[in-house]
Amino acid sequence: MDRVPDRDGGLPPVRRVGLSAPFVWLAQGFSDFLRAPGPMLAYGALVAAVSSGLLYGLYQSNAAFWLLTLTFGFVFVAPMLAMGPYEAGRRLAAGLPVRLADVAFVRPAFRQDVAFLGLALLLVYLFWGRVAQIVFGLSTYQMFDTVEAFVRFALFTADGHTMLMAGTLVGGVIAYFTFVMVVVAAPLLLDPRVNVFVATLTSFRAAAANVAPLTLWAAIIAVLLLVSAATGFLAFLVIFPWLGLASWRARMALVELAPEATQATPPPPLDAQPA
């Protein structure tokens, strides 16, 4: 396997993968989904219900700006909400059963390092929200009383188009930085031997060694999140746990960790490039 030399002092080795790797992860994640459909559908239903409820509440209150913020800002909180599917993927790889209780209450997620990563994501999300407000304020002096009026402004006026382009560009840069920071860091933190600093540095190293595959992976995730948003997040019933399981497969392919003493050794990833 093609390892990246560790010049950072004791960090877990990372691997280089091919451009087709994200599609392998999706296929493996869906296969894992079918191995534990009950717990995964229940988890997806909970995330879908909460997301759809928030979306509906904002729509009914005509909070147009915050409706857009929730829709596009979900990428910043999704990695922490996916701890259940990560745990399901870990258990399946170790040959352990997956029950609803295992994914609803993930013990390794309740530790300080996971909280630190969650705090970092919250700060990035708040920063993104402020940037979005600045872009909106520079685009128009109007206040929109209804979601429909805001949508008409965004889609059918020159100022609205400028707002969307500027917001997409700036938000995309922030979102991609967040993705690079957590793409393997969040699932890595399920291993109690890994702290938040090792996890995030390893995530950056994996992204630097796999720019094209992980950029494609980020695009796939963004498209699936937009598809979910278009359904009022009801598609999260399947898409959210599927993406979580696929993200666990990505972690296994990108980062080499010695197996924990209490776990069976997982099989080598199918999508890693030979040396």
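## Helix 10

In helix 10, the buried residues are Val 196, Ala 199, Thr 200, Thr 202, Ser 203, Arg 205, Ala 206, Ala 207 and Ala 209. The model described here is a predicted one. Helix 10 runs over residues 196-209, which makes 14 residues. From its first C-alpha to its last it reaches 20 Å, close to the 20 Å expected at 1.5 Å a residue.

The N-terminal end of helix 10 is capped by Asn 195. A side-chain oxygen of Asn 195 lies 3.0 Å from the backbone nitrogen of Phe 197.

## Aromatic pairs

Eight aromatic pairs are found when the whole structure is searched. One of them joins Phe 105 and Phe 110: the ring centres are 4.9 Å apart and the planes meet at 25°, so this pair is stacked, since planes under 30 degrees apart count as such. Phe 105 has a relative accessibility of 47% and therefore counts as partly exposed. Phe 110, with a relative accessible area of 60%, is exposed.

Tyr 176 and Phe 179 form a tilted aromatic pair, with 6.0 Å from centre to centre and 35° between the planes. Both residues belong to helix 8 (residues 158-182), where they are three residues apart and therefore separated by about one helical turn. An α-helix has 3.6 residues a turn, so residues three or four places apart point the same way. Tyr 176 is partly exposed, at a relative accessible area of 31%, whereas Phe 179 is buried, at 12%.

## Nonpolar cores

The largest nonpolar core has 63 residues. Within this core, the residues with the most contacts are Trp 25, Leu 26, Phe 179, Leu 214, Trp 217 and Leu 254. Helix 12 (residues 236-254) gives the most to the core, contributing twelve residues.

Another core lies apart from the largest one and has twelve residues. Its members include Phe 76, Phe 150, Phe 153 and Met 163.

Notes. Residues numbered from 1 in each chain as written. Predicted model: local features only at pLDDT ≥ 70, side-chain atom pairs only at ≥ 80, totals over all residues. Heavy atoms only, no water. Phe/Tyr/Trp six-rings, centres within 6.5 Å; stacked < 30°, edge-to-face > 60°. Buried < 20%, exposed > 50% of the residue type's maximum accessible area, 1.4 Å probe, protein only. Helix = DSSP H or I, 4+ residues; strand = E, 2+ residues; numbered from the N terminus. Expected span 1.5 Å × (residues − 1). Polar contact = N/O pair within 3.5 Å; in protein donor to acceptor, adjacent residues only side chain to side chain. Core = buried A, V, L, I, M, F, W, Y, C linked by side-chain atoms within 4.5 Å.
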